[in-house]
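Subject: Model for your review

Hello,

Here is the structure I promised to hand over. My notes on its packing follow below.

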Amino acid sequence: MDIDQILDRIDVLPEASKASLKKHITEVSHPKSFCLMEADKIIPHIYFIRKGIVRAYASTADNDITFWFGSEGETIVSMKSYVEDKPGYESIELLEDCDLYILETESLRKLFNEDIHIANWGRKFAEKELVKTEELIISRQFKTSLERYKDLMTNKTDLLKRVQLGHIASYLGITQVSLSRIRAEIK
């Protein structure tokens, strides 16, 4: 997905504003298993996924708990770093070779002060991230693992083909054995 499509998914900008924003966006590529963000560090960038898939996770003493997957067209951001310039909670691992667009948070903040359209785009960006977080919390609190798996089947079918079952089980909060039972039940 190209950068114009990704930016427009957040909010459509006038061409001059979009051109100004795009001057601050560059492309980077990283291999599978690369750690794009580490927990407890300030992340001074926002990433947009051109190609590939990533997972966000938090580590405990015993294991890593996956709580989000991102794929083409989605944004990768540590909201704690973005909003408060404080270390984030999450780590981000690339599950495939990824092509990403990168935007420095400080450059974006300067653009907010220069261009009202970009400032409004930034507000929409933050609102969409908030809604995404709210949906994630509600899903984890009120849906069963079977319902969440069915949501993945409906909304992220490509993810089920591209992500290891261990990461999917972690995301659902269950063991791989339980995930196998769910998959058998659905077939």
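**Sheet and helix packing**

Helix α1 (residues 3-10) lies across β1, β3 (45-51), β6 and β8, and runs at about 120° to β3. Contact means heavy atoms within 4.5 Å. Axes are lines fitted to C-alpha atoms, for helices over the stretch in contact, with angles from 0 to 180 degrees between N-to-C directions. Helices (H or I, at least four residues) and strands (E, at least two) are DSSP runs, numbered from the N terminus.

This is a predicted model: local features need pLDDT of at least 70, side-chain atom pairs count only at pLDDT 80 or more, and totals for chains, interfaces and linings use all residues. Residues are numbered from 1 along each chain as its sequence is written, and side-chain values use heavy atoms, with hydrogens and water left out.

The four strands form an open sheet in the order β1-β8-β3-β6, with antiparallel pairing (two strands pair if DSSP finds at least two bridges between them). β1 (25-30) and β6 (75-76) are at the edges with a single partner strand each, so one side of each has no neighbour in the sheet. Six bridges join β1 to strand β8 (residues 98-104) in the antiparallel sense, and Ile25 is opposite Leu103 in β8. Helix α4 (residues 105-114) also packs on the sheet, where α4 touches β3 and β8 and makes about 50° with the direction of β8.

Elsewhere, the axes of helix α6 (residues 145-155) and helix α9 (residues 176-186) come within 11 Å and cross at roughly 65°. The contact involves Ser145, Leu146, Tyr149, Lys150 and Met153 of α6, and Leu179, Ile182, Arg183, Glu185 and Ile186 of α9.

Regards
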